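Thanks for coming. Please have the sequence and the model open, and I will take you through a few places in it.

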Amino acid sequence: MKFYGKWRAGAGSQLRLLVFSCAALAWAGVGSGAGSGVVLAQKPAVPTAESVEAADRAFRAGSEAFQRGELKAAHGQFVVAAKLLPRNSAVHSALGATMLAEGELRGAVQELSLARSLDAGDVTSALNLALSYARLKENANAIKALEAYEGLANRSPLSAQETVELAAAYEAEHNSAGAQRLIESALQTEPDSAALHDALGAVLAQGEQWGPAEAEFTRAIAIAPEFAAAHFHLGSVALAEQHPQEALPELERAHALDARNPDYALALGTALGAAGHDAEAVGILREAVMTSPQSMEAKYQLAVALQAQGDAAGSLPLFRAVVAARPKDVPALTNLGLAMVQTGDAAGAIPIYTRALAIGPPSQTLAEDLGVAYLQQSDLDHAIAQFRAGLALGEDNAQLHYDLGLALKLKDKLEEAIPEFVRAEQLDPTLPDPPYTLGVIRMQQGNFSEAQAQLEKATSLNPENGEAWSLLGNVYKQTGDTAAAKKALRRAIELLPAQPSPHISLAAILSAEGDNAGAAAERKVAAGLSRVAVSRQRANFALDSGRLLLKRGQVAEAVEQFKTAVAADGGLKAAHVALAEALERQGKKVEAEAERKVAAGLAD
């Protein structure tokens, strides 16, 4: 898992602007125009005492305005000074620093470069030029300018904020050693800087030096307990090390300190999802997507959380957006395919999986998912091929052995299927499906003792499997353990209230025991459930027929079919909805509204 920490420049470094005396503004020679946008003569006249005095006044006024934070006023005064003394490095350095503070980075580079050309020993213009390039993300130029600054004898140590900004330029150029050197040098001057310890931790974490990184983030938090970025980074280390539960307290703290930061919300949502808190993850990740709608990572993590929560339909548009933006993202393609399978579109998922497979590298997860998609399409040969391809990558995958066994069973190759189920059970004794399926097979083969053992295991692993309880009850009945049979069948009835078969089996046992009244009651319930099942079948058949007729424009015939569906099963909401639509098309608005009201009162 990736490290979520990112380099941050922070909210504006303290720019260096030196206040010069009149003597510092003395004429420095002649030349071409300044970078302030003022066009100057090629050979201006030597400044007069009056122009030097005026430039000094403008420079002082600009310096005072800058110190008060009045950048626009400072800018104007420094432009005046630059017009009067176009070859003075201090003027261009001050104007460049002001433009840097204003965010006019290109102009700042122009002015500061001119100042450097006029006075190569000016430390202020050298440092501000490096910062300007760093903020423009012209990292190679920033490093070059910084190295020039570091070569000046009269330079002062970088501040913590300047160090963080310029170390980020090294990191962006994949020069972690340079970033680490810069930060460690700054720590010699400011050993108790939380920002520097946090920045050093981020460099170490990018190199996956998790232990030393964690120590630096912990030190930063000890110095500044409310430092949100350090909490975020410390949580990100735990998340990167696959310890989401340990990551949560730190990421929650970062989010609480800065709730509008989309990176914090993204990391917290990811950790919540990884820790199995899907509902909470969805809420936080929705917030991250709203705050940063262009973030594909936030959309991807939200889609994963929705999918884990069981909302595959809700995840689909998000996965599609991510795949459109990142067409070679194999995990995104794989999860998109899975969501399509989960929503019943296995046919559409197959080309998505195939596309992911072509990008590579091969993986067991992808082979299994593609095999399941083929299985849902009843394409057993391709399913078996994919499951075997997955097992070729590693024989110790219990789920793949189970899936292969299931596909072979569906091809009536029981002799090949059974060893796969047995192997799956051996590899992962906590999986409930292998013992359940083996129990079914052994029961069909008449091996009731083995069937009993497998079904008992299946029900202990998944006590909510009503089908397993029903089968186990029948196995107990075959082996003569009627007390256990009745208990198992009654459990099946609790879990499968609409199924008539457990009632029928229980009635047979009660009748054999002479409990004719109890047997009759169970048969009566079974008969009622059977009638309901038949009625629902009849209603669904009529509903499908009506929809086909409506699609063909045969409205009157469709209405009759929908009425048949309603008569067969008045509790089928879809039938009332369809009848309302058909009646509406006939212009029977009152009847249509009545059907809608009935539908509104029924469960889906």
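Met99 lies in helix H3, residues 89-102. A word on "helix": helices are DSSP runs of H or I with at least four residues, strands are runs of E with at least two, and both are numbered from the N terminus. The model is a predicted one, where local features need pLDDT of at least 70 and side-chain atom pairs count only at pLDDT 80 or more, while totals for chains, interfaces and linings use all residues. Residues are numbered from 1 along each chain as its sequence is written, and side-chain values use heavy atoms, with hydrogens and water left out.

Is Met99 buried or exposed? With a relative accessibility of 8%, Met99 counts as buried. Buried means under 20% relative accessible area, exposed means over 50%, and partly exposed is in between, using a 1.4 Å probe and protein chains only. Not counting residues up to four places away in sequence, Met99 touches His75, Glu104, Gly107, Ala108 and Glu111. Touching, or contact, means heavy atoms within 4.5 Å. Between Met99 and Val79 there are 11 Å in space, C-alpha to C-alpha, and the two are 20 residues apart in sequence.

Val79 and His75 are both among the buried residues of helix H2, along with Ala74, Phe78, Ala81 and Ala82. Seen down the axis of H2, these buried residues fall within an arc of 165°, so they line one face of the helix. The arc is taken from the directions from the helix axis to the C-beta atoms. H2 covers residues 71-84, which is 14 residues, and reaches 20 Å from its first C-alpha to its last, close to the 20 Å expected at 1.5 Å a residue. The expected span is 1.5 Å times one less than the number of residues. What covers the buried residues of H2 includes helix H1 (49-67) and H3.

Next, the cores. A nonpolar core is a set of buried Ala, Val, Leu, Ile, Met, Phe, Trp, Tyr and Cys residues joined through side-chain atoms within 4.5 Å. In soluble globular proteins, nonpolar side chains tend to be buried together. Which residues touch the most other members of the largest nonpolar core? They are Leu251, Leu302, Leu336 and Tyr353, in a core of 68 residues. Leaving aside neighbours within four places in sequence, Leu336 is in contact with Leu316, Phe319, Arg320, Val323 and Ile352.

The whole structure holds 4 aromatic pairs. Rings of Phe, Tyr and Trp (its six-membered ring) pair if their centres lie within 6.5 Å; planes under 30 degrees apart count as stacked, over 60 as edge-to-face, and the rest as tilted. Tyr300 and Phe319 have ring centres 5.9 Å apart and planes at 65°, so this pair is edge-to-face. Tyr300 is in helix H15 (residues 296-308) and Phe319 in helix H16 (residues 312-325), so the pair ties together parts that are 19 residues apart in sequence. Both residues of the pair are buried. Arg326 lies over the face of Tyr300, at 5.9 Å from the ring centre. For a charge to sit over a ring, NZ of Lys or CZ of Arg must be within 6 Å of the ring centre and within 35 degrees of the ring normal.

Now the loops. The peptide bond from Gly360 to Pro361 is cis, with omega near -5°, and Pro361 is found in the loop between helix H18 (346-359) and helix H19 (364-376). Ser378, in the loop between H19 and helix H20 (380-392), has a positive phi, near 60°, in a residue other than glycine. At 59% relative accessibility, Ser378 counts as exposed. Asp412 also has a positive phi, of about 60°, although it is not a glycine. Its loop runs between helix H21 (398-410) and helix H22 (414-427), and Asp412 is exposed, with a relative accessible area of 68%.

Last, H22 itself. Its buried residues are Ala417, Ile418, Glu420, Phe421, Ala424 and Glu425. They fall within an arc of 165° seen down the axis of H22, so they line one face of the helix. On the other side of H22, Glu415 and Gln426 are exposed. The cover over the buried residues of H22 includes H20, H21, helix H23 (433-444) and helix H24 (448-461).
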